[in-house]
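Here is a short report on one protein chain. It moves from the overall build to the nonpolar cores and then to the charged pairs.

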Amino acid sequence: MRIAVVGGGAAGLVASGSAVGAEVVLFEHKDKVGRKIYITGKGRCNFTNVCDVPTFLQNVVTNAKFLRGALYRFTPDDAVNLLENNACKTKTERGRRAFPLSDKASDVTKALTKYATDNGTVIRTDAKISSIKKDGDTFTVKSNYGAERFDKVILCTGGVSYPMTGSDGSAHKIIESFGHKIVKPYPSLVALCCAEDLSKAKGLTLKHVSVSCVGVKPIFGDMLITDNGVSGPIILTLSAYTAKMAFPYKITVDLKPSIPFDELDDRIIKDFEAQKNKQFKNSLDLLLPKSIIPFIIERSGIDPEKRVNSITKSERRKLCTAVKEFTLTVNGNEGFDHAVITQGGVDVKDVDPKTMESKLVKGLYFGGEVLDVDALTGGYNFHIALATGFIAGTGAVGNNG
């Protein structure tokens, strides 16, 4: 059996390695495999999250039900074992995030490449595929390497994020030629741009805050003020839930989520009593980071020159509201060039979750970010690529029991 795997990322390499017994040719249109792996986790490659499957599924944003079987078949422990068995020592850090022991993403690429080549996979780089067509029971793959026939084709062509790594959506036309629907791609896990000018607080990390949006429960953690908006862990998470939301939309930051409104008012009263002769503009240093204070003062509507001992109860309540409901208008995001992953892709309604085989075209399989599945940060997306690649490879050779 001859199998063509298109795409040399994590999913494609694992699909190649798991298609045991087949003659596998992997086509990668960049000059080397694993280009996106090298930038994953800021170059460290958080390759999985060592948690149980129910916990994992809670962190899947799109089509969790579709992934359930794949995650039980290829668990986070399986991901760790795959790397360990291919000369890549691993470690698990805070939040159950697994990394190569060396902190080098290149070691993950080497391990996955070894896994593929140990199965006899022939890797072809700089491979430009012009068409894939099914003729009877076989496929004809046309590329700059010529026209070749294969019994099965596994498409692991990625999403649209970080297009310079090769995941540029160029395979979508080929996929659509087989009758498959592509769910419109959106950037996800991406910094958000705001209409408000926050540049004077650029670089400020707001710790232990919460962010919420209509239809999205509050998300707790840290966020970062950028020159044109907001970023950081909770913002990236929020972007996954609002990826398909039309701009502009409002988000609300609670700068003191652990303090209820009335308790915050009491805290401010005490702060004011301790510095009653100070001007309002100089009275919030104990409550808030310095560079965010001017924004809170402006939103409170209180005269910054006013002495705190003359601030009224209603003014104080407005201050509490400004702190607990710091509303921003999101008018865009940083786009696919900076998005960690893509939300959207091949509609999973037409894909068999047990094998990753197309329900429309026998012998055609999918793996990785090309599918309309995505999750939050923490190693989940990389693991989805590994798991679906594994299911596609084993499914293609009929070893999916």
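The sections below cover the fold, the cores and the salt bridges.

## Overall build

This is a predicted model. The chain has eleven helices and 21 strands. Its C-alpha atoms fill a box of roughly 85 × 40 × 35 Å along the principal axes. Of the 401 residues, 55% are buried.

The accessible surface comes to about 17400 Å². Carbon and sulfur atoms hold 51% of that surface.

## Nonpolar cores

In soluble globular proteins, nonpolar side chains tend to be buried together. The largest nonpolar core here has 76 residues. Those with the most contacts inside it are L112, I132, V153, I154, F366, L371 and F382. Helix α11 (residues 380–396) gives the largest share of this core, ten residues.

L371 shows how such a position is surrounded. Leaving out residues up to four places away in sequence, L371 touches F66, G344, G345, V346, V348, V351, M356, F366 and T388. A second, separate core has 44 residues. Among them are L264, L288, I293 and I296.

## Charges and salt bridges

The chain carries 53 positive and 44 negative side chains. The centres of the two sets lie 1 Å apart. Side chains of opposite charge can pair when their charged atoms come close. The whole structure holds 20 salt bridges.

One of these salt bridges joins R149 and D135, with the closest N and O atoms 4.0 Å apart. R149 is in strand β10 (residues 146–150) and D135 in strand β8 (residues 129–135), 14 residues apart. R149 is partly exposed at 46% relative accessibility. D135 is also partly exposed, at 34%.

D222 and K207 meet in a salt bridge at 3.7 Å, N to O. This pair links strand β15 (residues 216–225), which holds D222, to strand β14 (residues 205–213), which holds K207. D222 is partly exposed at 23% relative accessibility, whereas K207 is exposed at 52%.

R317 and D262 pair at 3.1 Å, N to O. R317 is partly exposed at 30% relative accessibility. D262 is partly exposed at 46%. Elsewhere, salt bridges with shared partners join R2, E23, R124 and E148 into one network.

Terms used. Residues are numbered from 1 along each chain as its sequence is written. This is a predicted model: local features need pLDDT of at least 70, side-chain atom pairs count only at pLDDT 80 or more; totals for chains, interfaces and linings use all residues. Side-chain values use heavy atoms; hydrogens and water are left out. Helices (H or I, at least four residues) and strands (E, at least two) are DSSP runs, numbered from the N terminus. Buried means under 20% relative accessible area, exposed over 50%, partly exposed in between (1.4 Å probe, protein chains only). Accessible areas come from the Shrake-Rupley method with a 1.4 Å probe; for residues, only the protein chains shown count as cover. Lys and Arg count as positive and Asp and Glu as negative; His and the chain ends are not counted. The place of a charge is taken as NZ of Lys, CZ of Arg, CG of Asp or CD of Glu. A nonpolar core is a set of buried Ala, Val, Leu, Ile, Met, Phe, Trp, Tyr and Cys residues joined through side-chain atoms within 4.5 Å. Contact means heavy atoms within 4.5 Å. A salt bridge is a side-chain nitrogen of Lys or Arg within 4 Å of a carboxyl oxygen of Asp or Glu.
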